[in-house]
Amino acid sequence: YAKYFETSDDTYLKELEIVAKNYRLAADAAAALTIPRDAVNYHRDIANAMEQFAATLDAMIKYPEDTFASIALLRSYNAAEEKMFFSFDSLGSYYSQKTP
């Protein structure tokens, strides 16, 4: 996103579009998995975090010329990134409890 603002090169926005699509594909693939009953909440949190991250990237791509939207979306990006980190961190804690 910063490279787009530095260069005004739409190629960087297209790269973000690919990344958003990959997050959506990962969320869809995760939704198709069979999950142990006690891991459903962790799994749901990860899928939601990936979808939120993809939606934030989509909005960033859609409104690159709107300064106020960009500022708000950068905050949303940081929040979505944090949710991604914490959801995977929680899953890691779950798995560490399951290992003998």
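Predicted model: local features only at pLDDT ≥ 70, side-chain atom pairs only at ≥ 80, totals over all residues.
Asp45 is partly exposed, with a relative accessible area of 36%. Residues are numbered from 1 along each chain as its sequence is written, and side-chain values use heavy atoms, with hydrogens and water left out.

Asp45 has a partner. Arg44 forms a salt bridge with Asp45, and their closest N and O atoms are 3.2 Å apart. A salt bridge is a side-chain nitrogen of Lys or Arg within 4 Å of a carboxyl oxygen of Asp or Glu. Arg44 is partly exposed too, at 41% relative accessibility.

How many salt bridges does this rule give? The count comes to 4. One of them joins the side chains of Glu6 and Lys3, at 3.9 Å from N to O. Why are Glu6 and Lys3 separated by about one helical turn? They sit 3 residues apart in helix 1 (residues 2–7). Helices (H or I, at least four residues) and strands (E, at least two) are DSSP runs, numbered from the N terminus. The general rule is simple: an α-helix has 3.6 residues a turn, so residues three or four places apart point the same way. Glu6 counts as exposed, at 59% relative accessibility. Lys3 counts as partly exposed, at 46%.

Asp38 pairs with Lys98, and their closest N and O atoms are 2.6 Å apart. Asp38 lies in the loop between helix 2 (10–31) and helix 3, while Lys98 lies in helix 4 (residues 67–98), so the pair ties together parts that are 60 residues apart in sequence. Asp38 is partly exposed, with a relative accessible area of 41%. Lys98 is also partly exposed, at 46% relative accessibility.

Now turn to helix 3. This helix has 23 residues and reaches 33 Å from its first C-alpha to its last, close to the 33 Å expected at 1.5 Å a residue. The expected span is 1.5 Å times one less than the number of residues. The buried residues of helix 3 include His43, Ala49, Met50, Phe53 and Leu57. Which helices do the buried residues of helix 3 pack against? They pack against helix 2 and helix 4.

Take His43, which has its place in helix 3 (residues 40–62). Is His43 buried or exposed? At 19% relative accessibility, His43 counts as buried. Its side chain reaches the backbone oxygen of Ala30 at 2.7 Å. Leaving aside neighbours within four places in sequence, His43 is in contact with Ala30, Ala31, Leu33 and Ile35. Contact means heavy atoms within 4.5 Å.

Next comes the core. The largest nonpolar core has 23 residues, and those with the most contacts inside it are Leu16, Met50 and Leu57. A nonpolar core is a set of buried Ala, Val, Leu, Ile, Met, Phe, Trp, Tyr and Cys residues joined through side-chain atoms within 4.5 Å. Helix 2, helix 3 and helix 4 each supply at least two residues of this core. Which helix gives the most? Helix 3 does, with 9 residues. Leu57 touches Leu16, Val19, Ala20 and Tyr77, not counting residues up to four places away in sequence. There is a wider pattern: in soluble globular proteins, nonpolar side chains tend to be buried together.

The structure holds 7 aromatic pairs. Rings of Phe, Tyr and Trp (its six-membered ring) pair if their centres lie within 6.5 Å; planes under 30 degrees apart count as stacked, over 60 as edge-to-face and the rest as tilted. Phe85 and Phe86 form an edge-to-face pair, 5.3 Å centre to centre with 70° between the planes. Phe85 is exposed, at 51% relative accessible area, and Phe86 is partly exposed, at 45%. Tyr94 and Tyr95 also pair edge-to-face, 5.2 Å centre to centre with 65° between the planes. Tyr94 is buried, with a relative accessible area of 6%, whereas Tyr95 counts as partly exposed, at 47%. Ring pairs also link Tyr1, Tyr4 and Phe5 into a cluster.

Conventions. Buried < 20%, exposed > 50% of the residue type's maximum accessible area, 1.4 Å probe, protein only. Polar contact = N/O pair within 3.5 Å; in protein donor to acceptor, adjacent residues only side chain to side chain.
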